[in-house]
Amino acid sequence: MSKLLIRLLLQGVAIFGASKLVPGIYLTDFWYALLVALILAVINVTVKPILQLLTLPITFFTLGLFLLVINGLMVMLVDHFTTHFSVDNIWHAMLFSIVISVFYWILDAIFGDKDK
C-alpha cells in the first residue's frame, strides 16, 4: 500500500511540474495535482485499455503513435471530471502526457523503489 501512495505522490509531483511547464494546462495547486493523479490512474485502469483495444488497427498502422492521441484523450477526460484542472486542446494534452511521462521517469529513478 505504501508503494502505491509513493507512486501516486510522484505522479502528482510530475503532474504539477508538467502543468507549470506546458502551455495550455491550468492547475490551481499541488493538492489538485494529487487529485488529477488519482483520477488519471483510475481512468488509465478502466477506460484506456478499452480504447486501446478498439483502436488497435489504427495503432498498428501508425506504428504506435496513435497511443499519444489516446493518452491526450485520457488527459482531456480528466479535465472533464475536475474543475481546478483544465486543458486548452488535444495538442496540449498530448504534450502534457509526454512531459508527465518524462518527469515521472526521472522522479521514479531518483526516489522510486530501489528493490526492482
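**Entry 1: Terms and model**

A crossing is left-handed if the near helix is turned anticlockwise from the far one by less than a right angle, and right-handed if clockwise. I note that this is a predicted model, in which local features need pLDDT of at least 70 and side-chain atom pairs count only at pLDDT 80 or more, while totals for chains, interfaces and linings use all residues. Residues are numbered from 1 along each chain as its sequence is written, and side-chain values use heavy atoms, with hydrogens and water left out.

**Entry 2: The whole chain**

I looked up the elements and found 6 helices and 2 strands (DSSP runs, helices being H or I with at least four residues and strands E with at least two, numbered from the N terminus). From the N terminus on, I read their order as α-β-α-α-α-α-β-α.

I then took the overall dimensions. The C-alpha trace spans about 35 × 35 × 25 Å along its principal axes. The radius of gyration is 14 Å, which agrees with the value near 13 Å that a compact globule of 116 residues would have (taken over C-alpha atoms, the globule rule being 2.2 Å times the number of residues to the power 0.38).

Of the 116 residues, 34% count as buried (under 20% relative accessible area; exposed is over 50%, partly exposed is in between, with a 1.4 Å probe and protein chains only). Among contacts with a separation of 6 or more, 60% join residues 24 or more positions apart (contact means heavy atoms within 4.5 Å).

**Entry 3: Helix α1 against helix α6**

Two packed helices are described by the angle between their axes and the distance between the axes. I looked up both for α1 (residues 2–21) and α6 (residues 90–111): the axes come within 8 Å and cross at roughly 135° (axes are lines fitted to C-alpha atoms, for helices over the stretch in contact, with angles from 0 to 180 degrees between N-to-C directions). That angle makes α1 oblique to α6 (under 35 degrees is roughly parallel, over 145 roughly antiparallel, 65 to 115 roughly perpendicular and the rest oblique). The crossing of α1 and α6 is right-handed.

I listed the residues that meet. From α1 they include L10, V13, A14, I15 and A18, and from α6 they include F96, V99, I100, F103 and L107. By class, the residues of this contact divide into 13 nonpolar, 3 polar and 2 charged (Ala, Val, Leu, Ile, Met, Phe, Trp, Tyr, Cys and Pro are nonpolar, Asp, Glu, Lys and Arg charged, and the others, Gly among them, polar).

**Entry 4: Helix α1 against helix α2**

The axes of α1 and α2 come within 8 Å and cross at roughly 115°, and the crossing is right-handed. On the α1 side I found L8, L9, Q11, G12, V13, I15 and F16, and on the α2 side F30, A33, L34, V36, A37, L38 and L40. These residues divide into 12 nonpolar, 2 polar and no charged.

**Entry 5: Residue Q11**

Leaving aside neighbours within four places in sequence, I find Q11 in contact with A37, L40, I100 and Y104. Q11 and S101 are 90 residues apart along the chain, and their C-alpha atoms are separated by 8.9 Å.

**Entry 6: Helix α2 against helix α5**

For α2 (residues 30–46) and α5 (residues 66–81), the axes come within 10 Å and cross at roughly 125°. That makes α2 oblique to α5, and their crossing is right-handed. V36, I39, L40, I43 and N44 of α2 meet M74, V75, L77, V78 and F81 of α5. I count the classes of this contact as 9 nonpolar, 1 polar and no charged.

I39 lies in helix α2 and touches V78 and T82, not counting residues up to four places away. Its C-alpha atom is separated by 20 Å from that of L107, 68 residues apart along the chain.

L77 is found in helix α5 and counts as partly exposed at 25% relative accessibility.

**Entry 7: Residue L63**

Where does L63 lie? I found L63 in the loop between α4 (56–61) and α5. Although L63 is not a glycine, its phi is positive, at about 55°. L63 counts as exposed, at 80% relative accessibility.
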